[in-house]
Amino acid sequence: MIKQMFSGKRLGLMGFAIFLLVNTSALFAQASMESLVEQGNEAYNQGDYRKAIAFYEQTLSMGQHSAALYFNLGNAYYKLNDVAESVYYFEKAQQLNPKDENILVNSAFAKNMTIDSIEELPQSQIEQFKNQLYGLSSLDTWSVITVVLLWIFVGLFLGYLFSNTVALKRSFFFSSLIVLLLFLGSFSITFSIDQENKNTHYAILFSPEIEIWSEPNQQGEFLFTLHEGTKFQLLDDLEDWQKIRIANGSEGWIRNAVFRKLD
Amino acid sequence: MMLRFTIRFILFFLLLGSTVLEAQIRFDAKVSKKRLGLNERLRVDFEMNENGDNFDPPPFTDFQVVSGPQQAVSRSWVNGVQSFSKTYTYFLTPKRKGSVTIGQAEVTIKGEVYKTTPLEIEVTNAVEKPNDPNNVEGLIDGNIHLVAEVSNTNPYLNEGITVIYKLYFRNPISVSDVSELEAPSYGDFWSHLIKIGRAEINMRGSYKGEPYNEVIWRKVVLYPQKTGQLKLEPLTLNLSLSVPSNRRDLFGRRILTQSQKTLTTGQRTIRVKELPQRNKPESFTGAVGQFDFDVILDKDALKASESFQAKVKVKGKGNLKLFNLPNINFPNTLEVYEPEHDEQVKINISGMEGTIEDNYTIVPQFQGKYPIPSVEFSYFDPLSSTYKTLNSQDLIVDVFDGPTASVSRNNAQTLNRNQLLTASEDAFRFINLDTKLTLINQRGFWMSRLFWILLLLPILLLFSVYMIKRFVMSKSEDTQSLKQRKAKQLAKKYLSSAKNEVLNQARFYEALERALHNYLKAKLKIETTEMNKSKIEILLLNKQVEQQIASDFIELIENCEKARYAPGSSVNIQGDFEKATALIVKIDRQL
């Protein structure tokens, strides 16, 4: 009995030790990766962009990222005149931090280098409103809002249950009803943002030039060409063909294209 | 003095004599033509330049001698040089077709025997117009020819070829005037006529191995634009000729007659080969020849809103005017104007040669770097029968000092690049030095376990609180309110028939009274027979109903009776109904 207790205690101690070990090693790894980024930054500042890229990409390969890291990668590739890579990493940076001005400015520089000029499709007012609403905050913030709204609703409803006067009861009831509606709205917005994120895949074209066809075979009509650095949406695929849509709404099929998905 | 003169004189004669002695003796056989029809005549001349004896003609076994021999001797002195010729002429007609030999003739000159070489004559089928050497037509046909010389009759598509039209003529014909009757139009070719100033006669030309006078009439450079058998239309010339006739003038010279003759080159066929499909580069636009290719920028660093020029240049030999230069794919934010096309091409007998250029004027709008991607140009080299591809190098234009391309600040409405971020001096930003990192595959809060817990917890809380409240309430709440509710329901039940009769006073009170009696019957378990007011009052009081309520109840019943038996009296139907309801509730509570 005593022995058992003892062993249990030992086990607990060991577990604690392991926990500490894992934690500290994780901390060390974190520190080393941050130093990698720092080395990369230094190399960038000295104009050795290839070396900087090597450091940054090593960090990425270790499963860590940040908007700043992607931004720096985009900058380094821009300095090396690599259009597609540069556009790609600026897009990645924008995904993580959509409102950063530095990213927007440099991304515009990178997009200057691309060859295709694509007029964006004008958005309907409903779409604009939708995009504004969705763009208010990120998916996680929306889900936090959803949870908070539910808590508020529950609080108000409890208030309704336990209040004595009719006036108090009535105001509690109606406000809880409003909050419930808000909660449902917030939940559905979060849900549809998530669905949209899952169903829309964007990619950056890395092939220097690619032909867009109307059908996934050579009998189709040749539509237009795209050049490296252009962003498009992936819609479908069949064998080695991909159906894509570009910002002006044109759709078509590409074959054996080199591109990199943004998610 | 005299002596020296004599010596000179003797020397002169000696020299003269030696030249005479040196002159070679020739004895030749000449025929008017080497090919003739069976029904034509052949003239054979045996000519010697020294007088000879014992002329022995060959046996004309395969010929019939029409006339001859005719002997002609001519002797002339020109500048002290004597020339002599003696000719025996025969006119023959062949007896059979095929290859016929005229044998050797012999003559003895100065004691030596000379022989002519045997001549091979080919006799063909009879011709329509027998060629009589004395016939003017025949004379013309045999001695004047118009020929189209094609440099290459089997070229590739778009490979340059030259066609030279030559006029050959020889004695005794002379050409006095030429006019073109029909000039070819070169329908399936791109053609260029090379100008020839004056027609010059080349005396040393040769046609089929025989000496002729040659005139180049026309030179054309052609680039076939179609594959297959292309017909080269004939060139037809009308010639005015001077031809000696059979008549002679007073001095024995032949009289020249003017004659018109139409000559044509005949149709030539050019077999144009298709360019090979194998290994055909994608950038091939039809250039055939030998070329150099380059893209040149006049500046590679400039301010925004200044302009620079990009030049696409092809230099070399080939069908320069017949293909389009490759386009440059400029980055989208550069303002590019339509290129100016410039050709400096000379066309000579070997084809087109020179340079063609496309000059683009470009005005950058924003600052930044603009890579101009490599441009590919490919052509077919007919000499090696292969495609060749040339690439220009990648170029970069650096634009400084200008506005940056716009970025719309709203992420949801993604970038609209064609707007200006007005005159902002935004330069390319430096890297972000923040080194904080997060896991790439971090799962978001949405749909995570925590999210669901936080979402379900309040719902459970609400539900449980509600249940607890209900449970506690059902225990603690006094029976009073429950009973009260029951009584109310009861009253409603009993009074419902009365309520239906609100409009009819008599019936209403009847129904109301019955309802009240029924209620009491049910509640106090008394018989209808016992129903008198004092008894009811006592019963109610016995059941601990308050005095006041009991008396009110009795009063109500009395009211009902009054209203029933004295209709028209002022009554308050609504008021009585409510009173009844209230009373039933109160009694019920106290029972």
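## A two-chain predicted model

In chain B, B:Val100 has B:Ile121 of strand β10 as its bridge partner. This is a predicted model, in which local features need pLDDT of at least 70 and side-chain atom pairs count only at pLDDT 80 or more, while totals for chains, interfaces and linings use all residues. Residues are numbered from 1 along each chain as its sequence is written, and chains are lettered from A and ligands numbered from 1 in the order in which they are written.

**A sheet in chain B**
- Strands (DSSP runs of E, at least two residues, numbered from the N terminus) pair if DSSP finds at least two bridges between them.
- Three strands of chain B form an open sheet with mixed pairing, in the order β2-β10-β7.
- β2 (35-37) and β7 (98-102) of chain B are at the edges with a single partner strand each, so one side of each has no neighbour in the sheet.
- β7(B) runs antiparallel to β10 (residues 119-124) of chain B, and five bridges join them.

**Where the chains meet**
- Contact (C-beta atoms, placed from the backbone, within 7 Å) links 55 residues of chain A with 49 residues of chain B.
- The largest share of chain A's side, eleven residues, comes from α7(A), a helix (a DSSP run of H or I, at least four residues).
- β1(A) and β31 (residues 438-439) of chain B run antiparallel, joined by two bridges, and A:Gln64 stands opposite B:Leu439.

**Confidence in chain A**
- The average pLDDT (the predictor's confidence in each residue, from 0 to 100) of chain A is 84.
- Over residues 1-9 of chain A, pLDDT stays under 50.

Conventions. Two residues are in contact if their C-beta atoms, placed from the backbone, lie within 7 Å.
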